[in-house]
Amino acid sequence: MVLVHACCGPCSITVVQGLQAQGHAVQGFYYNPNIHPLMEYLRRREALEAAAKQLEIPVIYADAEYDPAVFLRLAAFREKERCAHCYRLRLERAALEARSRGLTAMTTTLLYSKYQDHAAIRAIGEEAAKAQGLEFLYEDFRTGWDEGIRLSKDWGLYRQPYCGCIFSEYERYGKKLRMLCNG
């Protein structure tokens, strides 16, 4: 069985389908203290629940561990390197979860996104997995990008407009504020 760290429902669809097509049993894992605000975290969690139901996979929700301060402490004064800190935080926790459940492999839906740093995710994922005696299943899941978007729309899943953290939210919507200031 493969533990799949899941950032949201839409990104999970073709990742899980691809792993299942390869013969893997999949266990989802939702641990995302980077997501801000809390209502965004809950919307993404709900979308993952709906996707997991469609995909017929179990998911572990680490809701009791949701604390954006954990991510913010890692990113403070290192905003340009925040993504690597975010990847490490989530993938190290996923590796611990996989090992505690006796699994032998893990991966992440972060590898589905065209907007993420695949080289960094791969390096951090391999390091986190190795530290726990696991295999990190690297695959470029971006090949399923268009199909994942189509299916997430067909399934009526919430599709988030930014990566998840307060910094990416500001990057996404900050131009509206700048237009008002220059307006």
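This is a guided tour of one predicted model, going from the sheet to the helices and then to a few local features.

**The sheet**

Select the strands first. Five of them make an open sheet with parallel pairing, and the order across it is β3-β2-β1-β4-β5. Go to β3 (59-61) and β5 (135-136), which are the edge strands. Each has a single partner strand, so one side of each has no neighbour in the sheet.

Next, select β1 (residues 2-5) together with β2 (residues 26-30). These two strands run parallel and are joined by four bridges.

**Helices α1 and α2**

Two packed helices are described by the angle between their axes and the distance between the axes. Select helix α1 (residues 9-21) and helix α2 (residues 38-55); their axes cross at roughly 25° and come within 8 Å. Angles under 35 degrees count as roughly parallel, and α1 and α2 are therefore described that way. Their crossing is right-handed.

To see the contact, show the side chains of G9, P10, S12, I13, V16, Q17 and Q20 on α1, then those of R44, A47, L48, A51 and L55 on α2. Coloured by class, the residues of this contact divide into seven nonpolar, four polar and one charged.

On the α3 side, select V70, F71, L74 and A75; on the α4 side, select R82, H85, C86 and L89. These residues make the contact. By class, the contact has six nonpolar, one polar and one charged residues.

**Helices α4 and α5**

Leave α4 in view and select helix α5 (residues 118-131). The axes of α4 and α5 cross at roughly 35° and come within 9 Å. Here too, α4 passes α5 in a right-handed crossing.

For the residues involved, display A84, Y87, R88, L91, E92 and A95 in α4, which meet A120, I121, I124, G125, E127, A128 and A129 in α5. This contact divides into nine nonpolar, one polar and three charged residues.

Side chains of opposite charge can pair when their charged atoms come close. Return to α2 and select R45 and E49. They form a salt bridge, and their closest N and O atoms are 3.2 Å apart. R45 and E49 are four residues apart in helix α2, which means that about one helical turn separates them. With a cut-off of 4 Å between a side-chain nitrogen of Lys or Arg and a carboxyl oxygen of Asp or Glu, the count comes to 14 salt bridges.

**Two backbone stops**

The last two selections concern the backbone in loops. Start with P37, in the loop between β2 and α2. The peptide bond that joins H36 and P37 is cis, with omega about -5°.

Then follow the chain past the end of α2 to E56, placed in the loop between α2 and β3. E56 is not a glycine, yet its phi is positive, at about 60°.

Technical notes: Residues numbered from 1 in each chain as written. Predicted model: local features only at pLDDT ≥ 70, side-chain atom pairs only at ≥ 80, totals over all residues. Heavy atoms only, no water. Contact = heavy atoms within 4.5 Å. Nonpolar A, V, L, I, M, F, W, Y, C, P; charged D, E, K, R; others polar. Axes fitted to C-alpha atoms, helices over the stretch in contact; angles between N-to-C directions. Parallel < 35°, antiparallel > 145°, perpendicular 65-115°, else oblique. Left-handed = near helix turned anticlockwise from the far one by under 90°. Pairing = 2+ DSSP bridges.
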